[in-house]
Amino acid sequence: MKGFRCEGCGWISTVKRVVCPRCGGKKFQEVYLSGECRLLTFTRLYAVSEGVKDMPLTLGVVEFDNGARVLGQITSEKVSVGMKLRLAWGLLRVVDGKKIYGFKFKPEN
Ligand SMILES: [Zn+2]
């Protein structure tokens, strides 16, 4: 799976953007995100955005072998720092009937 890394701040987007929402940078580099990664940190949200069905919502930052770090939803009940995860793509939420997709990570095996 491919991502787009901002050359200004390192933020990785799932879709190609014109301007980085974090730093306003306009240069992006394609990065290849291999299937396996490791969880660096996570948080559980009990107050979630409109249209989110998973409660609580677990968000985590994962790191791939090439050093790329990505924020995404963790789809597991049991979550611990350092656990191995696998990249997936899935539905994040529905807003006004519009489906929003993005990075999701699920446990290995
Ligand atoms: Zn940026």
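Q: Hi! Quick one to start: in E5, what is the bridge partner of arginine 38?
A: Hi! Arginine 38 is partnered there by glutamate 63. Keep in mind that this is a predicted model.

Q: Got it. And who stands opposite arginine 38 in E7?
A: That is lysine 84.

Q: What about E4 and E7, how many bridges join them?
A: Three, and the two strands run antiparallel, with E7 spanning residues 84–95. Cysteine 37 also has a residue across from it in E7, namely leucine 85.

Q: What do these strands build, and in which order do they run?
A: They form a closed barrel of five strands, in the order E4-E5-E6-E8-E7, and the pairing is mixed. On average, neighbouring strands in this sheet are turned by 40° against each other, direction ignored.

Q: Let's look at E5 and E6. How do they pair?
A: In the antiparallel sense, over five bridges. Valine 61, for example, has leucine 71 of E6 standing opposite.

Q: How many residues sit between the strands in the hairpin of E5 and E6?
A: Four residues, and glycine 67 in this hairpin takes a positive phi near 90°.

Q: New topic! Which residues make up the largest nonpolar core?
A: There are 10 of them: Ile12, Leu33, Cys37, Leu39, Val62, Val70, Ile74, Leu85, Phe103 and Phe105. Strands E4 (36–45), E6 (69–74) and E8 (98–107) each give two or more residues to this core.

Q: I see leucine 33 in there. What is it in contact with, leaving aside neighbours within four places in sequence?
A: Leucine 33 is in contact with Met1, Lys2, Gly3, Phe64, Ala68, Val70 and Leu87. Val70 belongs to the core too.

Q: And tyrosine 32, is that buried or exposed?
A: Tyrosine 32 counts as exposed, because there are 10 C-beta neighbours inside 10 Å and the cut-off for exposed is 12 or fewer. You'll find tyrosine 32 in strand E3, residues 28–32.

Q: How far apart are tyrosine 32 and methionine 1?
A: In sequence they are 31 residues apart, but in space their C-alpha atoms are 6.0 Å apart.

Q: How many bridges do E1 and E3 pair over?
A: Five, in the antiparallel sense, with E1 made of residues 2–6. Arginine 5, for instance, stands opposite glutamine 29 in E3.

Q: Last topic: which domains does the domain assignment give?
A: Domain 1 is 1–32 and domain 2 is 35–109. Their centres, taken over C-alpha atoms, are separated by 19 Å.

Q: How many residues of domain 1 are in contact with domain 2?
A: Six residues of domain 1, in contact with six of domain 2. On the domain 1 side, those are three nonpolar, two polar and one charged.

Conventions:
Residues numbered from 1 in each chain as written. Predicted model: local features only at pLDDT ≥ 70, side-chain atom pairs only at ≥ 80, totals over all residues. Core = buried A, V, L, I, M, F, W, Y, C linked by C-beta atoms within 7 Å. Buried ≥ 20, exposed ≤ 12 C-beta atoms within 10 Å, placed from the backbone. Contact = placed C-beta atoms within 7 Å. Domains from an automatic or database assignment. Nonpolar A, V, L, I, M, F, W, Y, C, P; charged D, E, K, R; others polar. Pairing = 2+ DSSP bridges. Axes fitted to C-alpha atoms, helices over the stretch in contact; angles between N-to-C directions.
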